[in-house]
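Open your viewer and get ready to click. This tour tells you what to select next and what you will find there.

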Amino acid sequence: MTTYATRFGSLVDYEKGGVEIIDDDPRHYTFSNMFEVASGAVAWEKIAVAKNQEYVLEVIRAEGVSGWRSAAHDEFALVMDGTVVVELRSLTEPVVPAGTRGSIALAEQPDGRPMGRVVARRGHMALLPANAAHRFRADEPSVILLQTIAGADTVYRWSEICQTD
Amino acid sequence: MTDTAPAVVGDRNEHGYRSFRLGEFTFDRDEYFAHVAWPSGKDVLSIDAFLRALQRDVAWGFFYGVVNFDAVIGTVNHYGEVDLFAGSFNESYRGAGLDYVERFPHEDIHAAFQAILDDWTIEGFDPFAAPEETGSPWGDKQGSNTKAVTRRRVTAKRMVGVPGDEVPRSDATGHPVNRMFADVPQDEPDVEPEPGFEEEVCGFNLFAYLSRSDVTWNPSVVSVCEDSLYCPTTEEFILPIIHGNDRVEWFVQLSDQIEWVVADKETNALRARVTMKAGDVAAMPADIRHQGFSPKRSMLLVWENGSAALPRMIAEGRAPTYPVDF
Ligand SMILES: [Fe+2]
């Protein structure tokens, strides 16, 4: 009987597939690999790898300790490589201006109470609740895929990360 | 009941199956095939493929856009009403004027499809399962598998694992680890809420959750950011339908590998083949149809924008056919 090996990717070990064009433009498929994107990223950059109207998926290279951020809506952090500690704090009053889409950086640790933390390893998903503050810590280079809304700090570099021919 | 409500036609046939009528469409099965007919033509599909396609269409509530059963018949979701068509997305049928379509209230076509699925699925065959993991669909009517064909679709309101929302899968919930995912770690994240924050400090092991899925090619919602829906699914063998998009849809390959064949939504002319490996991210444009092939059971994150306004925005040119302009 076959023994199956499930193939996950990581920063140090990934293979990229691709688009084989018959009659189309490869740009229509916006094809990238998140581990390749994270390999070439500065820690905590929020690089869009997928976008559908205002919604984005951001790849984040997690390394060291991030700044504090907050959003007016839920976000979800899926750890795709490594281990990420998610620290959450409540806010004494909302810091994100009403109507703001995506998260904003906070200048310093917010007033408010510690809410707790989630230690997430590969494949684990953590809720980043609306109107709370969060920061990440990763002792080794790790990769987060963030489900969120495009914001002021979302980075776009499609022509660098996507297959063009 | 409206006048398009589904009707059983006649007695059971010599193989023990019922025949059905929905509008001017008729449905018959024998030992090997589903026969579908309409006033200007007919189609024949292998019964395993037909039941697998019908199962997805029913379970997804007709999904987003077009669900092609083969190159001829399928459904278009108008969100409240549903088209059942023959040849509408086939250049030859359209060119010959042989295409045919009828529109039904969602409830009527859903009830008809559910009734066909239940009557034609025999004991031991699970249309949601990979072929290696289920019995035979062939032959005369022999029992049924109502439990398998009426599974509840998972739709988290916020995130799986949040108190009061969908629960993570386990042996106790009746979801053993699939044989092809026996090596997937089953540890849950360390979730350490301070008192009073148990509803907001939450996490779960998505990969373990997917390793325990008992269905294939069945996107179900695990996290929700407004209209942004994470709809991961486990894939093995062939996507039983050919999905024609009415909006941009995104794929994130979480594990292993899938090959996609991409053709024009309207004409079915081949446009591309897309090979996705773990960590790859790709869009399916709003003007194509696609079918996936997964040699080993794999984890695919389907990312949807569930906005009800999108199909009209795309039709009116207010939303792009292609996801990003660069
Ligand atoms: Fe699709």
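The stops below run from the contact between two chains to single residues.

**Before you start**

This is a predicted model: local features need pLDDT of at least 70, side-chain atom pairs count only at pLDDT 80 or more, and totals for chains, interfaces and linings use all residues. Residues are numbered from 1 along each chain as its sequence is written, chains are lettered from A and ligands numbered from 1 in the order in which they are written, and side-chain values use heavy atoms, with hydrogens and water left out.

**Stop 1: where chain A meets chain B**

Show both chains. The contact draws 67 residues from chain A and 71 residues from chain B. Contact here means heavy atoms within 4.5 Å. The size of an interface is often given as the accessible area lost when the parts come together. Chain A and chain B bury about 5,900 Å² between them. Of that area, 59% is on carbon and sulfur atoms. Now select A:Tyr4, A:Tyr29 and A:Met125. In chain A, these lose the most area to chain B, together 12% of what that side buries. Buried area is the accessible area (1.4 Å probe) that two parts lose on being put together, summed over both.

How many salt bridges cross the interface of chain A and chain B? The rule finds seven. A salt bridge is a side-chain nitrogen of Lys or Arg within 4 Å of a carboxyl oxygen of Asp or Glu. Select A:Arg117 and B:Glu192. Their side chains form a salt bridge, at 2.6 Å from N to O.

**Stop 2: the iron ion**

Which protein donors hold a place around the iron ion? Select B:His243 (ND1), B:Glu249 (OE) and B:His290 (NE2), which lie 2.1 to 2.2 Å from the ion. Donors are N, O and S atoms within 2.8 Å of the metal (3.2 Å for Na, K and Ca); water is not among the atoms, so sites may look incomplete. The donor residues are spaced H-x5-E-x40-H in sequence. B:Glu249 sits in strand E15 (residues 249-253) of chain B and B:His290 in strand E19 (residues 288-305) of chain B, so this pair links parts of the chain 41 residues apart. Helices (H or I, at least four residues) and strands (E, at least two) are DSSP runs, numbered from the N terminus. Both B:Glu249 and B:His290 are buried. Buried means under 20% relative accessible area, exposed over 50%, and partly exposed in between (1.4 Å probe, protein chains only).

**Stop 3**

Side chains of opposite charge can pair when their charged atoms come close. Over all chains, a search of the whole structure finds 37 salt bridges.

- Select B:Asp48 and B:Arg52. Their closest N and O atoms are 3.2 Å apart. Both lie in helix H1 (residues 47-59) of chain B, four residues apart, about one turn of the helix. B:Asp48 counts as buried at 19% relative accessibility, and B:Arg52 is buried at 9%.
- Select B:Lys141 and B:Asp119. This salt bridge spans 4.0 Å, N to O. B:Lys141 is in the loop between H3 and H4 of chain B, and B:Asp119 is in helix H3 of chain B, 22 residues apart. Is B:Lys141 buried or partly exposed? B:Lys141 is partly exposed, because its relative accessibility is 24%. B:Asp119, at 8%, counts as buried.
- Select B:Glu236 and B:Arg297. Their side chains meet at 2.8 Å, N to O. B:Glu236 lies in strand E13 (residues 228-238) of chain B and B:Arg297 in strand E19 of chain B, so the pair ties together parts 61 residues apart in sequence. B:Glu236 is buried at 5%, and B:Arg297 is buried at 0%.

**Stop 4: a loop glycine**

Select B:Gly139. This residue lies in the loop between helix H3 (106-120) and helix H4 (146-149) of chain B. B:Gly139 counts as buried, because its relative accessibility is 15%. Leaving out residues up to four places away in sequence, B:Gly139 touches B:Tyr17, B:Arg29, B:Asp30 and B:Glu31.

**Stop 5: the end of a strand in chain A**

Finish with A:Ala105, in strand E8 (residues 103-105) of chain A. A:Ala105 is partly exposed, with a relative accessible area of 48%. A:Ala105 and A:Arg69 are 36 residues apart in sequence and 4.5 Å apart in space, C-alpha to C-alpha.
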